[in-house]
Amino acid sequence: MSRPRPEPVQVVKQRRDAALTALAGGVPYIQFLGIHFDRRGDELTAVLPFRDELIGNPFLPAIHGGVTAAFLEVTAVISLSYLWLWEDVESGRIEVEALEAGHLPRLPKTIDFTIDYLRSGLPRDAYARARITRSGRRYASVQAEAWQDNRDRPMAEAMAHFLMPRRED
Amino acid sequence: MTADKARIARQFIETIPHAQALGMTITEIGDGFARIEMPYDARLVGDPQTGVIHGGAVSALMDTAGGAAVMSHPEAPAGTATIDLRIDYMRAAQPGQTIVAEATCYHITRAVAFVRATATDEDTARPVAAATGAFTVERTS
């Protein structure tokens, strides 16, 4: 009995980071908001560093509700795409070189997006994670939650539905 | 709604840093209605292969228009915040075209304002997105 030697850790990391960079790095709007992602295995945490440009109510001040909505939508679509790509990237069906060269599969399309504002967004960094509650062949349901200082006191939660791109066989 | 109030609401919206960052301008406001335009901008693109604006920017536009409609209502609150917002994305906005959101505050109680909104590009017969939301009614007293 023998099993294949595990891959060197840097090869695994390079592949997974490249997939993430290809997904999020090439989207102008994600750069515009300044969102980046922390990756731990297949779990992603989106980070939105605070800037004055994100303010919606200058008197409080508070982060614009539209920014919070966009942050959760970006988190949802990138998390969903990353999970969707994961198997193909891990199995080598999608090559790292192709991703790095910018050859991206098509992204899921948002069908609808619902957001609940739970607390006003304070002028500081925000974090978000998404949970894919269903990822079917055509449709996906995703929940996402954003928080700031305290993970147990979310600033907003969202529910979104997506139309999945067709698999290229 | 008095012209004075409309002017205050317009000034308030246009001093919002994020509304400025997105290039939003109010083209009509008053009596619980607001129309806000957001010109096409390459920085807001969500799909680099097609040049289509990201849904998040459309959400920000809808949210701002909704808040402006509430602020301009005759029983106008001193301030407002979004409680919840649902957006349906019917189609991709045409790259290069300005997106226009129209929001109406169709009902208001002591505590809650109800809003409907639509967003269109130059093809106004086929909306890009539709939204419904509830907003808080902040009283000065």
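On a 1 Å grid over the protein atoms alone, a pocket is an open set of points with protein on both sides within 12 Å along at least five of seven lines, a cavity is a set of points where a 1.4 Å probe fits but cannot get out, and lining residues have an atom within 4 Å of a point. This is a predicted model, in which local features need pLDDT of at least 70, side-chain atom pairs count only at pLDDT 80 or more, and totals for chains, interfaces and linings use all residues. Residues are numbered from 1 along each chain as its sequence is written, chains are lettered from A and ligands numbered from 1 in the order in which they are written, and side-chain values use heavy atoms, with hydrogens and water left out.

**Exercise 1. Describe the largest pocket and its lining.**

Step 1: Start with the volume, which is the space filled by probe spheres set on grid points joined across faces, edges and corners. For the largest pocket this is about 780 Å³.

Step 2: Find the lining. It has 36 residues, and A:Gly56, A:Asn57, B:Phe12, B:Thr80 and B:Ala81 lie nearest the centre.

Step 3: Look for the elements behind it; helices (H or I, at least four residues) and strands (E, at least two) are DSSP runs, numbered from the N terminus. Two or more lining residues come from each of strand S3 (55-57), strand S4 (62-63) and helix H3 (65-91) of chain A, and from each of helix H1 (3-14) and helix H3 (55-71) of chain B.

Step 4: Sort by class. Ala, Val, Leu, Ile, Met, Phe, Trp, Tyr, Cys and Pro count as nonpolar, Asp, Glu, Lys and Arg as charged, and the others, Gly among them, as polar. The lining then splits into 20 nonpolar, twelve polar and four charged residues.

**Exercise 2. How many cavities of 30 Å³ or more does the whole structure have, and which residues line the largest cavity?**

Step 1: The search finds one such cavity.

Step 2: About 50 Å³ of space lies in the largest cavity.

Step 3: From chain A, the lining takes in A:Leu23, A:Val27, A:Leu104, A:Pro105, A:Arg106 and A:Leu107. From chain B come B:Asp47, B:Pro48 and B:Gln49.

Step 4: These residues divide into six nonpolar, one polar and two charged.

**Exercise 3. Is B:Gln97 buried or exposed, and what does its side chain reach?**

Step 1: B:Gln97 sits in the loop between strand S5 (82-89) and strand S6 (99-108) of chain B.

Step 2: Apply the cut-offs: buried means under 20% relative accessible area, exposed over 50%, and partly exposed in between (1.4 Å probe, protein chains only). B:Gln97 counts as buried because its relative accessible area is 17%.

Step 3: Follow the side chain, which reaches the backbone nitrogen of B:Glu122 at 2.9 Å.

Step 4: List the contacts (heavy atoms within 4.5 Å). Apart from neighbours within four places in sequence, B:Gln97 is in contact with B:Tyr40, B:Asp121, B:Glu122 and B:Asp123.

**Exercise 4. Explain the labels given to B:Val58 and A:Arg93.**

Step 1: B:Val58 belongs to helix H3 of chain B. Its relative accessible area is 4%, so B:Val58 is buried.

Step 2: Beyond its neighbours within four places in sequence, B:Val58 has contacts that include B:Met38, B:Ile53 and B:Tyr89.

Step 3: A:Arg93 lies in the loop between H3 and helix H4 (96-100) of chain A. With a relative accessible area of 60%, A:Arg93 is therefore exposed.

Step 4: Compare sequence and space. A:Arg93 and A:Ala62 are 31 residues apart in sequence, and their C-alpha atoms are 45 Å apart.

How values were computed:
Polar contact = N/O pair within 3.5 Å; in protein donor to acceptor, adjacent residues only side chain to side chain.
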